[in-house]
Amino acid sequence: MIAKRLGLGLLTLFVISLIIFFATGMLPGDLAQAMLGQSATLETVAAIRHDLGLDLPASTRYLNWLSGMVQGDFGTSLANKRPIAGLIATRLGNTLFLALYAAAIAVPLSLVLGVLAALFRNTIFDRSANTLALTSISFPEFFVAYILIYLLSQKTGLFPSMARIDPSTSFVQALYQTFLPALTLTLVVTAHMMRMTRAAIINLLSYPYIEMARLKGIKPVRVILSHALPNALAPIITVVALNLAYLVTGVVIVEVVFVYPGLGQLIVDSVSKRDLPVVQAVALIFAAAYVLLNLFADVLATLSNPRLIHRK
């Protein structure tokens with residue numbers, strides 16, 4: 001099963017790499033002309049196109065690009081002539097730090113709220129939690145980010161509105177600087193995980209073994225934690241993994257709003273500078289992270305359910 005999922009993941013990445021490469025190549029305008037400006041001569045433009053390999057057939061350029069990616073060679077940035085791997089390394093670490101920071105808050109919070117909402121179903125707490133969850137889902141990330149900046153930065157001054165960190169920033173200082181973007185991501189993803197946890201547990205509460213546990217006089221909290229929750233892990237793991245994939249790949253808007261030096265900010269800057277090799281590399285990294293997290297979710301969901309492991 002793992003080998004099959006891995007093979008499908010590699011096939012998916014291959015298709016995505018085709019889309020990324022040829023979609024960026026279809027963007028309007030000439031890259032060499034954009035680099036040199038409108039005053040460049042035809043001979044200079046032709047020389048730049050030759051140096052960049054733009055005069056080669058599209059299939060040849062794709063194979064060269066893909067072989068370099070497989071070997072860990074992302075190429076050279078057109079904007080600053082630096083190796084792309086060096087540009088991505090630090091930014092990738094920052095993005096993973098922000099994603100893990102948000103996940104450390106969102107996953108336990110959503111699981112606790114989902115269990116409590118299932119335990120106190122149809123009460124004021126359940127309705128309030130669902131209302132807040134639907135509200136946070138309805139708002140786009142940038143709107144939530146600007147609201148938090150206004151309330152926690154402009155009005156109270158508790159946290160900085162810009163998440164500026166560098167290699168010399170300490171861990172505690174980094175947690176403080178990135179609290180607002182982490183809180184923004186937490187509010188966005190908590191609702192999905194909380195509602196899935198609640199729905200999965202409530203779906204199991206009508207099963208005969210749950211009714212038998214209640215008839216034995218077991219406390220409702222123990223019924224949910226010991227009997228319902230373990231059997232609801234498969235859908236919960238799936239939605240948690242999907243939201244973790246979003247935390248890694250969907251941070252572009254949040255990083256731009258808070259001027260956070262991550263991959264999201266890098267890809268936006270590269271698009272504005274028409275630095276296509278960097279855009280292609282970052283997009284492929286995002287796709288790989290999403291595919292790997294989905295593979296991880298499939299494996300964990302299967303291992304958590306014996307009926308999926310021992311199929312007849």
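Serine 270 is in contact (heavy atoms within 4.5 Å) with Asp275, Val278 and Val279, leaving aside its neighbours within four places in sequence. The model is predicted, so local features need pLDDT of at least 70 and side-chain atom pairs count only at pLDDT 80 or more, while totals for chains, interfaces and linings use all residues. Residues are numbered from 1 along each chain as its sequence is written, and side-chain values use heavy atoms, with hydrogens and water left out. The chain has 16 helices and zero strands; both are DSSP runs, numbered from the N terminus (helices H or I, at least four residues; strands E, at least two).

**Overall make-up**

- Of the 312 residues in the chain, 38% are buried; buried means under 20% relative accessible area, exposed over 50%, and partly exposed in between (1.4 Å probe, protein chains only).
- The chain exposes about 17100 Å², of which carbon and sulfur atoms supply 68%; accessible areas come from the Shrake-Rupley method with a 1.4 Å probe, and for residues only the protein chains shown count as cover.
- Among contacts between residues at least 6 apart in sequence, 72% join residues at least 24 apart.

**Nonpolar cores**

- The largest nonpolar core has 44 residues, and those with the most contacts inside it are Leu185, Ile201, Leu247 and Phe258. Such a core is a set of buried Ala, Val, Leu, Ile, Met, Phe, Trp, Tyr and Cys residues joined through side-chain atoms within 4.5 Å.
- Two or more residues of this core come from each of α5 (84-119), α7 (141-155), α9 (179-204), α10 (208-215), α11 (220-231), α12 (233-249) and α13 (252-257).
- Helix α9 gives the largest share of this core, eleven residues.
- Another core, of 18 residues, lies apart from the largest one and includes Val279, Ala281, Val282 and Ile285.
- Isoleucine 201 touches Val115, Ala118, Ile224, Ala228, Leu229 and Ala232, leaving aside its neighbours within four places in sequence.

- Helix α6 (residues 124-138) has 15 residues and reaches 21 Å from its first C-alpha to its last, close to the 21 Å expected at 1.5 Å a residue. The expected span is 1.5 Å times one less than the number of residues in the helix.
- Asp126, Ala129, Asn130, Ala133 and Ser136 are the buried residues of α6. They cover an arc of only 130 degrees around the axis, which puts them on the same side of α6; the arc is that of the directions from the helix axis to the C-beta atoms.
- Ile124, Arg127, Leu132 and Ser138 are exposed on the other side of α6.
- The cover over the buried residues of α6 includes α5 and α9.
- The structure holds one salt bridge, defined as a side-chain nitrogen of Lys or Arg within 4 Å of a carboxyl oxygen of Asp or Glu.
- This salt bridge joins arginine 198 and aspartate 126, with the closest N and O atoms 2.8 Å apart. Arginine 198 lies in helix α9 and aspartate 126 in helix α6, so the pair ties together parts that are 72 residues apart in sequence.
- Arginine 198 is buried at a relative accessible area of 17%, and aspartate 126 is buried at 2%.

**Helix α1**

- The 24 residues of helix α1 (residues 2-25) should span 34 Å at 1.5 Å a residue, which agrees with the 34 Å between its end C-alpha atoms.
- Gly9, Ser17, Ile20, Phe21 and Thr24 are the buried residues of α1, and they pack against α4 (58-70) and α15 (276-303).

**Buried serine and threonine**

- Serine 270 sits in helix α14 (residues 263-273) and is buried, with a relative accessible area of 5%.
- Threonine 95 belongs to helix α5 and is buried, with a relative accessible area of 1%.
- Leaving aside its neighbours within four places in sequence, threonine 95 contacts Val248, Val251, Glu255, Tyr260, Gly262, Leu263 and Gly264.

**Positive phi in loops**

- Asparagine 122, in the loop between α5 and α6, has phi near 65 degrees, a positive value in a residue other than glycine. Asparagine 122 is exposed, with a relative accessible area of 54%.
- Valine 259, in the loop between α13 and α14, has phi near 50 degrees, also a positive value in a residue other than glycine. Valine 259 counts as partly exposed at 35% relative accessibility.
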